[in-house]
Amino acid sequence: MSFSFHHRKEAKHDEKNHCAGTMPGVTKEQIQAAREADLFTYLQFHEPGVLKRDGPNFRHKEHDSLVYVTGKRYWYWNSRGRSINALDYLIQIRGYGLVDAVHALVGGEIRQEPALPKYGRNTGIKGTGKESILSPRARRCATAAVSYLQKRGISSEVIRQCLQAGIFYEARYHGEPVCVFVGKDDSGKAKFACMRSIGGNLKKDVYGSDKGYNFCYPPQSPGSRHVAVFEAPIDALSHATLQELEGWKWNGYRLSLGGTSHVALTSFLERHPEIRRVTLYMDHDLAGFVNARKIKTMLHEDKRFRHIRVSVNPPRIGKDYNEKLLQVREQLQTSQHQRRPKEAAVSI
């Protein structure tokens, strides 16, 4: 594992631009002190149990692309290709605002949770053991979230099943409407949630989420031994919609990795020893191909999973399965428009 000093300098430059100037409630000196705070110590004290050994280094359990390089005493964010400090961590990963993050690191008592909207007992997200998922409050009417999924081509029936199963709802995050996708354990308790902005670019795991229980769209009937694996919840729902549109027979779990980490898949297979087949529906790009090959190799080398048949099935059209779904819908609409004049001429 090699990390360049160039990335560390680049990351500091990005932070400086992001936090330039004095903001209400914090000074330049406090911002600089927050940048220099020791993230490793912060995690050990305020998020005990979130670190795991990775050879001589440490890796973040929820975000396994975050690695603490003990020899150089800094954190490297593999998925972003740069180093990361404590201020980056609280703002970009835990969802703090800049002022709250600085206060948390250098301004008195450190808060135990990020600056999320109000929480309540009716969020749909329950505590999981010692830690709780601090998810934004569910809105009674999910009109905006449903409309967003429909614009992405997801069928009303698939959306209805998600709402009924409690694995999808609408909320607000910093005043912005978001879709919330929920992952549950076998008893039905929510252990993971991620947010997707309806009108912007926000993509974020909810604080306290367990990456091992990512979003999973259940099979149509029990007893399935097949799991389809996607990079994002929207792709899993697109695959379910494509099945509905094209009428092909298939019954299995649709699991989202929430990115490229295989933590969710490994955890899922450990909980479901009956699984005999894994199909990797990664994106149709270099990163998707590399990740699919990596996961396939990992499963074959693990004694627990060698009996599982693994196949790779990227979309034949579009970058991912949502793009494929939108193109299929467009083709269906075009063919329907072309048929209508012929049908009218026959009726005349």
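A nonpolar core here is a set of buried Ala, Val, Leu, Ile, Met, Phe, Trp, Tyr and Cys residues joined through side-chain atoms within 4.5 Å, where buried means under 20% relative accessible area with a 1.4 Å probe and protein chains only. The model is predicted, so to speak of local features requires pLDDT of at least 70, and side-chain atom pairs count only at pLDDT 80 or more, while totals for chains, interfaces and linings use all residues. Residues are numbered from 1 along each chain as its sequence is written, and side-chain values use heavy atoms, with hydrogens and water left out.

Start with the largest core. It has 30 residues, and L149, I154, F168, F181, Y217 and L237 touch the most other members. Helices (DSSP H or I runs of at least four residues) and strands (E runs of at least two) are numbered from the N terminus; among those that supply at least two core residues each are α6 (143–151), β9 (176–184) and α11 (321–347). The largest share, five residues, comes from α8. Take F168 as a way in: leaving aside neighbours within four places in sequence, its contacts (heavy atoms within 4.5 Å) include L149, I159, L163 and F181. A second, separate core of 27 residues includes F40, L51, W75 and Y89.

Y89 also belongs to the buried residues of α4. This helix, residues 86–93, is mostly covered, with seven of its eight residues buried. Just after the helix, G95 takes a positive phi of about 85°.

E62 sits between β2 (57–60) and β3 (66–69) and counts as buried because its relative accessibility is 11%. D283 lies between β15 (277–280) and α10 (286–301), and it is buried too, at 8%. Among the contacts of D283 are E231, D235 and K319.

Finally, the largest pocket. A pocket is an open set of points on a 1 Å grid over the protein atoms alone, where a 1.4 Å probe fits, with protein on both sides within 12 Å along at least five of seven lines; lining residues have an atom within 4 Å of a point. Its volume is about 1,600 Å³, counted as the space filled by probe spheres set on the points. Of the 49 lining residues, K203, K211, G258, G259 and T260 are the closest to its centre. α10 gives the most to the lining, with four residues.

Methods:
Buried means under 20% relative accessible area, exposed over 50%, partly exposed in between (1.4 Å probe, protein chains only).
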